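Reader: Could you take me through this model, beginning with the sheet and then turning to helices and salt bridges?

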Amino acid sequence: MMKTYIGIDLGGTNVRVARVDDEGNVLSQIKGPSYGTEGPEKVLSNLKGMVRQIEGWEECEGIGVGVPGPVDTKNGTMVLSTNLPGFKGYPFAKALSDEFHMPAYLDNDANVAGLAEALVGAGKGLDVVFYTTLSTGIGGALIVHGRTVSGKHGFGAEVANIVIDRNREKINYLNVGAIENEASGTAVTRKGRAVFGEDKIHNAGDVFNLAAEDNKEAEKIAVQVEEDLGQYFATVACVCDPDMFVLGGGMMKSADKFLDGVIENYKKYSHKEVWDTPFVEAKLEEPGVIGAAMLVKSNSIKD
């Protein structure tokens, strides 16, 4: 019989819980509010109830949880819990493990999405996969031999703060010229609105559409974003030289308008030997909950 796992995709507002098989198929799932602002006891009590509503949960091999922010994967605790107040250092994995008498694992939401793509999605069967989500923010995940590399402090592949140009403007707590502040969906929208106003720009896609229509101002923004992302990927390649870059997130809806430019710039900033690294769009519909479940499978892989 095929092994199955419980995956929990936990956000500050919503949560989904699913039973997922070894190939990444979602067998059953439920969604609901996460009560993320109401503290660990309320959140956990809700999760425990939801797991028990999943048919056949008792037969699962274990539970995996994806959460926003860096995670101490060794101890199953959150290092920062901006969207889930009160969870910093809370023994999250242990609480679930004690309740259900099965192994439980915790990791960052970008890591689990990347893990899903590496184990059962676009990067299936490859040794080293680097996943990047281009969304409201920019997140990363490094998966080596089927395991996420979270590092000592849980900040492995927390790529948002990578600097691509120290001469940009200061936006928030991130470094000046951090890739998230220059090339995320939020950043592209911000730059578009500064030129065209809020009425015309609702999301990053609007900027890329205008650029595709030969609007010079929009082109300028798009060209800069392509260069910034190209440099970012070249930096990542210097560190881990992956078999594949997998790209997910809402901004990828406009991939046909910017990805070729990103790859051109990647080549401009990287060694010739790594030019053949494929850039592939993420394949899975629900990488969050599938990836959370895959934490259990991943932790059973022998180093």
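Author: What follows is a discussion of a predicted model.

Reader: What is the strand order of the five-stranded open sheet?

Author: The order is β10-β9-β8-β11-β12, and the pairing is mixed. The edges are formed by β10 (147–148) and β12 (279–281), each of which has a single partner strand, so one side of each is left without a neighbour in the sheet.

Reader: Which helix packs on that sheet?

Author: Helix α8 (residues 255–269) does, touching β8, β11 (244–248) and β12. The direction of α8 makes about 160 degrees with that of β12.

Reader: Now β8, please. In which sense does β8 pair with β9, parallel or antiparallel?

Author: The sense is antiparallel, over seven bridges. A hairpin of three residues connects β8 to β9. Within this pair, Val129 is opposite Ile143 in β9.

Reader: And in which sense does β8 pair with β11, parallel or antiparallel?

Author: That pairing is parallel and extends over five bridges. Val129 also has a counterpart there, standing opposite Met244 in β11.

Reader: How many bridges join β9 to β10?

Author: Two bridges join β9 (residues 138–144) to β10, and these strands run antiparallel.

Reader: How many residues of β8 are buried?

Author: Seven of the seven residues of β8 are buried, so this strand is largely enclosed by the rest of the structure. Val128, Phe130, Thr132 and Leu134 point one way, whereas Val129, Tyr131 and Thr133 point the other way, and all are buried.

Reader: Changing topic: how many residues does helix α9 have, and what distance does α9 reach?

Author: Helix α9 (residues 287–299) has 13 residues and reaches 17 Å from its first C-alpha to its last, close to the 18 Å expected at 1.5 Å a residue.

Reader: Where does α9 bend?

Author: The bend is at Ala293 and amounts to about 30 degrees.

Reader: Is α9 mostly covered or mostly exposed?

Author: It is mostly covered, with twelve of its 13 residues buried. Among them are Val289, Ile290, Met294 and Leu295, as well as Lys297.

Reader: On to charges. How many salt bridges does the count come to?

Author: The count comes to 14 salt bridges. One of the pairs is Lys124 with Glu23, whose closest N and O atoms are 3.2 Å apart. This pair links distant parts of the chain, 101 residues apart: Lys124 is in the loop between α3 (109–120) and β8 (128–134), and Glu23 is in the loop between β2 (14–21) and β3 (26–33). Glu23 is partly exposed, at a relative accessible area of 38%.

Reader: Which residue forms a salt bridge with Glu99?

Author: Arg52 does, with the closest N and O atoms 2.9 Å apart. Glu99 belongs to helix α2 (residues 92–100) and Arg52 to helix α1 (residues 40–53), so the pair ties together parts that are 47 residues apart in sequence. Glu99 is partly exposed at 28% relative accessible area, and Arg52 is partly exposed at 41%.

Reader: Where do Lys94 and Asp98 lie?

Author: Both lie in helix α2, four residues apart, about one turn of the helix. Asp98 is partly exposed, with 42% relative accessibility.

Reader: Finally, which residues are linked in a network of salt bridges?

Author: Asp165, Arg168, Glu182, Lys191 and Asp228 are linked in such a network.

Notes: Residues are numbered from 1 along each chain as its sequence is written. This is a predicted model: local features need pLDDT of at least 70, side-chain atom pairs count only at pLDDT 80 or more; totals for chains, interfaces and linings use all residues. Side-chain values use heavy atoms; hydrogens and water are left out. A salt bridge is a side-chain nitrogen of Lys or Arg within 4 Å of a carboxyl oxygen of Asp or Glu. Buried means under 20% relative accessible area, exposed over 50%, partly exposed in between (1.4 Å probe, protein chains only). The expected span of a helix is 1.5 Å times one less than its number of residues. The bend at a residue is the angle between axes fitted to the seven residues ending there and the seven starting there. Two strands pair if DSSP finds at least two bridges between them. Contact means heavy atoms within 4.5 Å. Axes are lines fitted to C-alpha atoms, for helices over the stretch in contact, and angles run from 0 to 180 degrees between N-to-C directions.
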